[in-house]
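Visitor: I am new to this structure and would like a short tour. Could we look at it together?

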Amino acid sequence: MENKNTSNANLRFENCGSRGAFIVLEGLDRSGKTSQSSAMVSYLEGLGHPTELWRFPDRTTSIGQMISAYLSNQSQLDDHTIHLLYSANRWEKSSLMETKLKSGTSLIVDRYSYSGVAFSSAKGLDCEWCKAPEIGLLAPDLVLYLDISPEKAAERGGYGGERYEKLEFQRKVAQCYQTLHDSSWKIIDACQPIDEVQKQLQEIVLEHVKACKNGRPLSHLWRC
């Protein structure tokens, strides 16, 4: 009879065929995620790898529109409520995400569950409570954290346009991010020239894209 550990191992290592890579860019506001995400898609497509750019929150869905109104200060929501909406926004895209990856398309994703947990924890919500609704979502193959101090980020153009772009709050977010690092994370100095950051990201990402084409299994967030 198959024991529990064997069963879990089989679940963990299913779907070992060739697939696309799931790459997430994380970091404080104005750390360069959006620019680098777009550049990465162009780079991979130029090498012949089918690639799409995704962003969370996805503001095109009905849930995403509620989040967008909140972020632009057009509505007010309880901290617990907005956290669950962010999570629901990721869940509503989860099936499509898995389909895309299994079809061989790599996904470059600007923000994911780590942002949700870091920003909500920075408001004072319990970190484990924040993680709970994310458990079972697909885990990235690689998280690229663009590391910049809150003070440096605040000097960049456009800062302060949305609800969370406040220096003291971004300091708290940076501290919360530190608790989320795991073996899938690579830390990149985002204060370097843009071209140098881009070069470093390309080298790291291409390695993971090749590993996924060779059958690296999908896994899930924060499962024991």
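Visitor: Which residues of α6 are buried?
Guide: In this predicted model, the buried residues of α6 are S113, Y114, S115, G116, V117, A118, F119, S120, S121 and A122. Buried means under 20% relative accessible area, exposed means over 50%, and partly exposed lies in between, with a 1.4 Å probe and protein chains only. Helices (H or I, at least four residues) and strands (E, at least two) are DSSP runs numbered from the N terminus.

Visitor: Is α6 enclosed or open, then, and why?
Guide: Because 10 of the 10 residues of α6 are buried, α6 is largely enclosed by the rest of the structure.

Visitor: What covers the buried residues of α6?
Guide: The cover includes β1, α4, α7 (127–131), β4, α9 and β5 (185–189).

Visitor: How do α6 and α9 cross?
Guide: The axes of α6 (residues 113–122) and α9 (residues 167–178) come within 8 Å and cross at roughly 125 degrees. That makes α6 oblique to α9. Angles under 35 degrees count as roughly parallel, over 145 as roughly antiparallel, 65 to 115 as roughly perpendicular and the rest as oblique. Axes are lines fitted to C-alpha atoms, for helices over the stretch in contact, and angles run from 0 to 180 degrees between N-to-C directions.

Visitor: Which residues make that contact?
Guide: From α6 come Y114, S115, A118, F119, S121 and A122, and from α9 come F169, Q170, K172, V173, C176 and Y177. Contact means heavy atoms within 4.5 Å.

Visitor: What comes just after α6?
Guide: G124 is found there, with a positive phi of about 110 degrees.

Visitor: Let us change topic: which residues touch the most other members of the largest nonpolar core?
Guide: The largest nonpolar core has 39 residues, and F22, M97, Y112, Y114, Y164, V173 and Y177 touch the most other members. Such a core is a set of buried Ala, Val, Leu, Ile, Met, Phe, Trp, Tyr and Cys residues joined through side-chain atoms within 4.5 Å.

Visitor: Which elements give two or more residues to this core?
Guide: They are β1 (22–27), α3 (62–71), α4 (79–91), α5 (94–102), β3 (106–110), α6, β4 (142–147) and α9.

Visitor: What does M97 contact?
Guide: Leaving aside neighbours within four places in sequence, M97 is in contact with F22, W54, F56, L107, Y112 and L138.

Visitor: Where is R55, and what does R55 contact?
Guide: R55 lies in strand β2 and is partly exposed, with a relative accessible area of 38%. Neighbours within four places in sequence aside, R55 is in contact with T34, S38 and D110.

Visitor: What joins F56 and P57?
Guide: A cis peptide bond joins them, with omega of about 0 degrees. P57 is found in the loop between β2 and α3.

Visitor: Where is N73, and what is its phi?
Guide: N73 is in the loop between α3 and α4. Its phi is positive, about 65 degrees, although N73 is not a glycine.

Visitor: How should I read the numbering and the values?
Guide: Residues are numbered from 1 along each chain as its sequence is written, and side-chain values use heavy atoms, with hydrogens and water left out. As the model is predicted, local features need pLDDT of at least 70 and side-chain atom pairs count only at pLDDT 80 or more, while totals for chains, interfaces and linings use all residues.
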